[in-house]
Amino acid sequence: MRDKEGLKGLGVIVVGVAAYGVVVNTALLFAMMAPLYLLSGPVRGSLGIVTYSIEAFGRTYYSPALDMASFLSIIVITSSTLNVAAGLAVTYLTLKRKEPHIIATEALMASSLTLLISLGTLSGIRRIITYELARLTRSYSFTSTAGAVQVYSVHAHALPAATILRGETYLLLTIPYTLATVVSYALVLRNAGRAEVLKKESLKE
Amino acid sequence: MARLRLAKRSAILGAVLLLLVIVLFLGRVAGFPAAVVIVSGRSMEPTLHVGDIVVGVKLPYNVSDIVIWCAGPTYCVVHRVVEIKDGVIVTKGDNNPSPDPPVPKSLVRYKVVGVIRWYVWLPAVLLALLAYAYVHREYFLKRQVSPGDVASLMVVFFVVFNAAIALLAPTYYSPRGGVMETPEVTLKGTSVTMNGNVLINLNVRNTRLLSVDSCEALVYGEKREYVCEAIVVSNSQILVKGIPKSLLERMLEERVGPLIIKVKAKIVFGVLNGIYYVYPTWRRPEVTITNGSVMIINPNPASLRVNVTTYAANRPGPANVSFKSYVLEAGGSVRIDLSKYRYAYIRVEYLFQGKHVIIQKRVRP
């Protein structure tokens, strides 16, 4: 006989982990797609990972580094999208069946592992953005034979999306999530194994 | 049965096509005669866009051809050739304001001979994948999924996807970062105009002179500063007016100077604080004699006092001596007519750069 209370508790855990994953990955997707900084001054515009629009001293500015970051963000976006899709699928199926769905939970675990793989890329992208931001907001003042030319300062205003990628916040959010999906999948498998054993025992009786 | 044959055939075709694509994309790593590359930057817009596939072939190239040069397996550039010189080529992105640093010709791998736009190949690939999934739908729907199958498939797919992104699109990362044309202002020179104004000539690039906020003039070694008026006369010139005439006169007559002009000007995107040393070219007055007339010209931008003594007579013996002092304005002159005399001499005295200069000339006969 199946332990209905245990199943319910397991379902709550799985749905909880899935919901947490949906929230974290949605935030990560937002951080990837939305502008991170607004620049003002002689260099102005918006700077984000997927897209940027910067005008420097009256001319459009193109950066190979930012283009590369934008291209590499496909990896993180794909992973986060997988996680959101898996999380929603797990939540829906678990609530519908009133017990965890093994394949969906497995997919959730796998997608969280892909997120772990993409963290390295995300770290690199963050470094590129930080470096470019420092480059863009540097002092452009200089001294020449004409005298001291004091160029107006460039100011960067951090937008909400930047908070998500600030420091190691994203690591603190994603690593525990991956661990939780692995644990919940292991629990679901263990529960499925016990259920099989109980079913066989009841048939024997 | 027919369906099974179709599924088998499409699987084989799919595998062959996939292999061909992988070979072509990795061709640049292995040095094949042809290769394809996905454009990952915007430096070649509007000619090439992000996501476009360019087909490169090992062919000779000339200026204005688009080439693929690589400094490493994942470090490649797809730009247009702008110059070919001894052993090196210079390339430039159509969208970049300035060319790339020169690179050795040996780094050029391919000449771009064709482009497949992203809006052509991407929908085609997606359609092909959908068609493949449709043809094999029974297999996918009826297949028994064991624990671990889904996770393995997802992780393997993602790892392959990661590798594909890294290899398919060569990235161009320049340590210089993006090219930005920052303001440049340098001094070309200064000059003093005939009406005693100072012209400051500048080389101005990527910005514009807007207005002058303040101007002060002083003589080197002296503390007293004079307020002057300065205006922007063109994008590269500042005209300084209102320099006291006495200052210039002192500079001409005595050995003082140079003149120092302090200017604070507004430029687009900033402020220019300049201190300019002005060294006027002082020239001695010209004393010319023509048909018994003496012309004294002051070619300087400041007035000059000259003392003229004339000795004139119509017969040998004591002469009429006449002494007069003239103040020649900047660029001004004076004419002394001694033509009515049979004998005439002139003595011109003035102070020039701290020296007492005396010029004596016979006017007649």
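**Notebook: helices and sheets in chains A and B**

I began with helix α2 of chain A, residues 64-97, whose 34 residues reach 50 Å from the first C-alpha to the last, close to the 50 Å expected at 1.5 Å a residue. I note here that the model is a predicted one. Looking along α2(A), I found a kink of about 30° centred on Leu72(A), and just after the helix I found Lys98(A) with a positive phi of about 65°.

Next I traced the open sheet of chain A, in which five strands follow the order β4-β3-β2-β1-β7 with antiparallel pairing. I put β4 (59-61) and β7 (155-158) of chain A at its edges, since each pairs on one side only, and I recorded a twist that averages 25° from one strand to the next.

I then looked up the pairing of β1 (residues 35-40) with β7 in chain A, which is antiparallel and runs over four bridges; here Tyr37(A) stands opposite Ala158(A) of β7(A). Helix α3 of chain A, residues 102-136, lies across β1, β2 (43-48) and β7 of that chain, and I noted that it runs at about 5° to β1(A).

In chain B I turned to an open sheet of three strands, ordered β16-β17-β20, again with antiparallel pairing. Its edges are β16 (286-290) and β20 (333-337) of chain B, and each has a single partner strand, so one side of each is left without a neighbour in the sheet. The twist in this sheet averages 15° from one strand to the next. Lastly I followed β16(B) against β17 (residues 293-297) of chain B, an antiparallel pair over five bridges, where Thr288(B) stands opposite Met295(B) in β17(B).

Terms used
Residues are numbered from 1 along each chain as its sequence is written. Chains are lettered from A and ligands numbered from 1 in the order in which they are written. This is a predicted model: local features need pLDDT of at least 70, side-chain atom pairs count only at pLDDT 80 or more; totals for chains, interfaces and linings use all residues. Two strands pair if DSSP finds at least two bridges between them. Helices (H or I, at least four residues) and strands (E, at least two) are DSSP runs, numbered from the N terminus. Axes are lines fitted to C-alpha atoms, for helices over the stretch in contact, and angles run from 0 to 180 degrees between N-to-C directions. Two residues are in contact if their C-beta atoms, placed from the backbone, lie within 7 Å. The expected span of a helix is 1.5 Å times one less than its number of residues. The bend at a residue is the angle between axes fitted to the seven residues ending there and the seven starting there.
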